[in-house]
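Keep the viewer open and try each task before you read on.

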Amino acid sequence: MIKAVINGQQVEVARGTSILDAAKLANVKIPVLCKHADLEATSACGICIVKVKGSAKMLRACSTLVEEGMEITTHDPEIVAVRRTVLELILSNHPKDCLVCARNQDCELQKLSADFGIRDEYFPSIVDRRQHKFDDSTKTIVIEGSKCVLCGRCVNVCQKHQNVWALSFLSRGINTKLSPAGEINLADSPCVKCGQCSNHCPVGAIVEHDDTQKVWDGLRAEDKYPVVQIAPAVRVAIGEAFGYPVGANLTKKLYAALKRLGFKAVFDTNFSADVTIMEEAGEFVKKLTSKPRELPLITSCCPAWVDFLEKYRGDMVDNFSTCKSPQEIMGVLSKTYYAAKEKIDPSKIFMVSIMPCTAKKYEISRGDDMFSSGYQDIDVSLTTRELARMIKQAGIDFEKLEDAQADSILGHYTGAGTIFGATGGVMEAAVRTAYYMVTGREMPSLELKEARGLKGIKEAELDVAGAKIRIAVAHGLANVDQIINQVARAKAAGKEPPYHFIEVMACQGGCVGGGGQPYGVTNELRKKRAAGLYEDDRQQKERCSHLNPQVQLIYREFAKAPNSEIAHRYFHNKYKKRAAYIK
Amino acid sequence: MPNASNEELNAIIDKWKDVKGSLVMMLHAVQDKFGYVPRGAAMEIASRAKIPLAKIYEVLTFYHFFKLSAPARHQIAVCTGTACYLKGAQELIKALETELGINAGDTTSDGSFSVAALRCLGCCVLAPVMTVNGKIHGHVKPADIPSILREIAKGDEQNAR
């Protein structure tokens with residue numbers, strides 16, 4: 001531990017602590033723009049400057065580490081004046097169309113400008129001098145280059161944390177611009193649509209592709225039968241838009257809000273997650289017991305991971321679970337089984353999904369398999385952020401809503417379905433059911449603690465009827481390489497794979513930290529959102545997918561058995577190697 | 001890719017791909033061979049040297065030296081050094097831009113002309129100065145531009161015959 005003085009107050013911090021973090025101990029908030037709690041400091045913006053006794057120049061609190069005996073001043077009239085100038089310089093290069101910006105009232109730059117009371121343009125605007133690109137080619141995330149403040153968060157998260165390398169800063173100085181290599185469209189780049197760039201952007205330079213109007217249109221169309229599903233991770237995050245504590249589970253209020261919006265039936269993606277588990281656990285058991293074993297099996301419910309694997313790890317396509325994601329299974333069930341049972345013309349069903357994810361917007365048309373009902377199985381996929389806006393537009397008093405129930409038959413879920421939203425959850429849910437499928441008995445202890453938590457790579461060895469099963473869980477795409485490389489090496493050498501079952505989620509923390517979730521995510525928030533899901537799991541009467549009575553009914557009345565011919569027709573899909581760059 | 005073969009590109013990549021921190025050397029060698037860094041060559045480097053293409057373009061666009069498109073057949077450069085600037089270099093650039101329908105720094109869509117601004121060619125006494133394919137033209141007036149361009153085009157036609 002080292003001692004320092006901040007604004008006259010003694011603080012003691014661990015070696016390696018930045019002035020920015022140390023200041024929190026002295027109850028001081030130093031303003032930041034480029035620094036994000038998830039990311040390494042880049043020293044790009046300069047708004048966090050502080051004075052350190054003995055230093056002739058002001059130092060950046062984000063990237064300066066506390067040293068023994070340092071005397072730090074975080075605020076005085078001169079520092080405030082310098083910060084104001086930094087802000088004015090940034091604003092001279094930023095459009096002032098806040099009223100019609102997707103980040104209006106949820107923008108870090110707008111907040112700083114409000115806090116500093118900026119009222120006029122001190123420096124003449126140079127916005128028009130830069131050549132900006134508007135890129136909505138992916139139809140999932142939208143880049144508005146003119147709003148970029150060059151903080152570097154998106155580039156950092158795309159390159160270092162996600163290992164995707166779609167975004168980069170091209171040229172330099174005043175000509176610097178955010179773009180894929182060679183100024184091509186994002187859709188032609190290796191972008192996997194995870195949306196972490198949009199989630200980390202402090203301003204409106206990268207936002208989700210807003211599809212809310214399509215949903216309003218669908219709700220208005222008299223000949224449509226609008227139905228909706230909500231993903232596991234949405235229920236524990238949407239509350240942040242309405243002032244609830246982080247991690248509050250608002251499942252039943254969400255059902256009520258969606259009914260108020262005008263959906264004729266509200267389904268829960270947790271239900272189709274249970275179906276995914278039946279299929280995936282069945283697939284795992286089949287591969288485990290075949291001779292020779294066709295392992296490892298790699299989970300495939302994360303569409304950004306699917307895109308990443310197809311682009312970067314085409315060599316592993318054969319190990320990918322062919323099982324569709326819960327979103328897609330719900331889509332196809334609503335337009336086949338549900339439509340038939342309720343005697344609704346499937347062509348009239350307008351299926352909307354509420355997802356914590358931008359890549360889910362890509363998934364709904366990623367291949368022919370996404371049209372297996374004969375129609376596009378999902379019509380529109382919205383993010384948590386878009387739904388929060390719709391609820392506000394509809395004037396729904398969210399807090400006062402009375403709890404509602406999901407609609408039968410695609411609404412009843414187990415604890416296994418709900419934990420899909422946290423890293424390790426799919427693995428835990430699959431293991432619960434795979435164990436039952438192999439042994440005919442329930443697992444003695446259902447909770448797979450080794451798969452939980454925010455460690456980048458989690459491993460465990462399980463005993464299933466005498467067989468040793470090694471599992472691995474990775475989240476944040478940069479953590480995937482290590483695992484997949486080990487598997488690829490073993491495969492090439494014809495050796496036993498180091499893992500038998502691998503779960504990958506593109507986003508750090510899994511879907512609770514998804515690219516479509518409310519802004520401002522940190523590990524603390526990820527933990528709280530995940531805790532909400534694990535609590536939901538504990539409270540369910542059934543905690544294993546195979547015990548879901550409505551899932552059992554689906555198999556009796558429709559799909560026969562996991563991995564049956566019908567199940568394959570509707571619940572499975574294919575993958576292919578793709579080029580990372582189309583241009 | 002013009003003027004160089006894939007074998008030459010492969011030789012460049014093979015020479016440098018296992019040397020840490022050698023991306024700039026590779027790109028220099030490629031530009032030396034091809035006259036610019038074609039996208040295909042950048043992609044080949046990316047895949048064989050295992051360097052993300054985004055990283056390669058960050059380097060390519062950071063340094064002015066690197067060119068991303070094939071050099072024009074006729075390269076026009078206008079000196080914008082102090083003496084030439086005072087003697088009307090900006091008007092020369094404007095005249096070239098109007099005549100060719102491009103901005104300084106760009107190449108005509110048929111690849112025949114490029115216009116660039118550069119600093120001091122060391123013959124200030126001839127200001128304003130421009131070069132066409134390396135040949136110095138001194139005391140140029142904006143009104144001279146159309147005829148200079150016509151001369152070049154005429155030369156092209158004769159060569160084509």
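**Exercise 1.** Work out how many residues of domain 1 of chain A are in contact with domain 2 of chain A.

*Solution.* Call two residues in contact if their C-beta atoms, placed from the backbone, lie within 7 Å. By that test, 10 residues of domain 1 of chain A meet nine residues of domain 2 of chain A. Next, sort the domain 1 side by class: six are nonpolar, two polar and two charged. Here Ala, Val, Leu, Ile, Met, Phe, Trp, Tyr, Cys and Pro count as nonpolar, Asp, Glu, Lys and Arg as charged, and the others, Gly among them, as polar.

A word on the model: it is predicted, so local features need pLDDT of at least 70 and side-chain atom pairs count only at pLDDT 80 or more, while totals for chains, interfaces and linings use all residues. Residues are numbered from 1 along each chain as its sequence is written, and chains are lettered from A and ligands numbered from 1 in the order in which they are written.

**Exercise 2.** Find the bounds of the domains of chain A.

*Solution.* The assignment (automatic or from a database) gives domain 1 (2-91), domain 2 (133-209) and domain 3 (213-571). Taken over C-alpha atoms, the centres of domain 1 and domain 2 of chain A are 28 Å apart.

**Exercise 3.** Describe the contact between chain A and chain B.

*Solution.* Start with the count: chain A gives 12 residues and chain B gives 10 residues. Then classify the chain A side, which holds seven nonpolar, four polar and one charged.
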